[in-house]
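User: I'm new to this one. Can you walk me through it in short steps?

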Amino acid sequence: MTNPTEPLLVATDLHKAYGPTPALAGVDLTIRAGEVVAVMGPSGSGKSTLLHCLAGIVPYDSGEVRYRDRPLSELSDGERSALRRSDFGFVFQFGQLVPELTCLENVALALRLGGERRRTAETRASRWLERLEVADIAGKRPGEISGGQGQRVAVARSLVTEPRVLFADEPTGALDSLNGERVMRLLTEAAHDTGAAVVLVTHEPRVAAYSDREIVVRDGKSRDTERVS
Ligand code: ADP
């Protein structure tokens, strides 16, 4: 069990440039266990780059990201991939479900890749589909369901492995507001129940309203804002 006040992910003076284009120019932030943090800012401000650096997907140029006190820069590529599989979950703007598999199989796949047996994986996957209110489409393929349903399946797939950190990059960006809010409500409720921290990249204040705290990124620099309400 994770201590709720334990800093899970800490970024210090993070810098990253793509050739001559600076993307991060000194970001500091701390994500604690169980909190939902919205990373806000206009398009091109460095939000996705920050998420990718925090998740160990993209290497940074200077500064440091520590996950549970371990600097990501000291891990090998293999160790970083293993960490992403064991401790991190991901939801993107478009669910990126495997089109040939049913919704149930898509969610179960996340567990099967970790070595879980098929029956156990499908039983757990089916519970998560229920939790995300998409049990009725378990046997359908991604091409046969709506965008909102697909995102709820993607959230189920990201949480079924019980990650400590869920990274969500514009998870409702392709949805209308009603479906977007349903996805956000279910995502944040499920994350709170499991104790996962959520790093939520969005440029929509309505989506950020589901977070406990906001970090605003502007020109690659960060500013922390406690939610007042
Ligand atoms: P946001 O997510 O806030 O829209 P990004 O992190 O995607 O911002 O981009 C920050 C800056 O880095 C932008 O100027 C963008 O054009 C640039 N950038 C992002 N990814 C790449 C890349 N793979 N190659 C070159 N430039 C990139």
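This is a predicted model: local features need pLDDT of at least 70, side-chain atom pairs count only at pLDDT 80 or more; totals for chains, interfaces and linings use all residues.

User: Let's start with the ligand. Which residues are around the ligand?

Analyst: Tyr18, Thr21, Ala23, Pro42, Ser43, Gly44, Ser45, Gly46, Lys47, Ser48 and Thr49. By type, that shell divides into 3 nonpolar, 7 polar and 1 charged.

User: How far is the polar side-chain atom of Thr49 from an oxygen atom of the ligand?

Analyst: The distance is 2.5 Å. Backbone atoms come in too. A backbone N or O atom of Ser45 sits 3.1 Å from a ligand oxygen. For Gly46, a backbone N or O atom is also 3.1 Å from an oxygen of the ligand.

User: How much of the ligand's accessible area does the protein cover?

Analyst: 59% of the 560 Å² that the ligand has on its own.

User: And which elements give two or more residues to the shell?

Analyst: β2 (21-32) and α1 (47-54). The largest share comes from α1, with 3 residues.

User: OK, on to the sheet. What is the strand order?

Analyst: The order is β2-β1-β4-β5. It is an open sheet of 4 strands, with antiparallel pairing.

User: Which strands stand at the edges?

Analyst: β2 and β5. Each has a single partner strand, so one side of each is left without a neighbour in the sheet.

User: How many bridges pair β1 with β4?

Analyst: There are 5 bridges, in the antiparallel sense. Strand β1 covers residues 7-18. Leu9 stands opposite Tyr67 in β4. Val10 stands opposite Arg66 in β4.

User: What does Tyr67 face in β5?

Analyst: Arg70 is the bridge partner of Tyr67 there. β4 and β5 pair in the antiparallel sense over 2 bridges.

User: How many residues lie between β4 and β5 in the hairpin?

Analyst: The hairpin has 2 residues between the strands. Arg68 is in the turn. That places Arg68 in the loop between β4 (62-67) and β5 (70-71).

User: What is the phi of Arg68?

Analyst: About 50°, a positive value, although Arg68 is not a glycine.

User: Where else does a positive phi turn up in a residue other than glycine?

Analyst: Glu133 is one of them, with phi near 60°. Glu133 is in the loop between α4 (118-131) and α5 (147-159).

User: How exposed are these two residues?

Analyst: Arg68 is partly exposed, with a relative accessible area of 36%. Glu133 is partly exposed as well, at 35%.

User: What does the side chain of Glu35 reach?

Analyst: It reaches the backbone nitrogen of Arg32 at 2.7 Å. A polar contact of 2.7 Å also joins the side chains of Glu35 and Arg213.

User: Which residues does Glu35 touch beyond four places away in sequence?

Analyst: Thr30, Ala197, Val198, Asp212 and Arg213.

User: How far apart are Glu35 and Pro163?

Analyst: They are 128 residues apart in sequence. In space, the C-alpha to C-alpha distance is 13 Å.

User: And which residues does Ser158 touch, again leaving out those up to four places away?

Analyst: Gly89, Phe90, Val91, Pro163 and Leu166. Ser158 is in helix α5. Ser158 is buried, with a relative accessible area of 4%.

User: What does its side chain reach?

Analyst: The side chain of Ser158 reaches the backbone oxygen of Val155 at 2.8 Å.

User: Last topic: helix α3. Which of its residues are buried?

Analyst: Cys103, Leu104, Asn106, Val107, Ala108 and Leu111. The helix covers residues 103-112.

User: What do those buried residues pack against?

Analyst: The buried residues of α3 pack against α4 and α5.

Note on methods. Residues are numbered from 1 along each chain as its sequence is written. Side-chain values use heavy atoms; hydrogens and water are left out. A residue is near a molecule or strand if one of its heavy atoms lies within 4 Å of it. A polar contact is a pair of N or O atoms within 3.5 Å; within protein, one must be able to donate a hydrogen and the other to accept it, and residues adjacent in sequence count only if both atoms are side-chain atoms. Accessible areas come from the Shrake-Rupley method with a 1.4 Å probe; for residues, only the protein chains shown count as cover. Ala, Val, Leu, Ile, Met, Phe, Trp, Tyr, Cys and Pro count as nonpolar, Asp, Glu, Lys and Arg as charged, and the others, Gly among them, as polar. Buried means under 20% relative accessible area, exposed over 50%, partly exposed in between (1.4 Å probe, protein chains only). Two strands pair if DSSP finds at least two bridges between them. Contact means heavy atoms within 4.5 Å.
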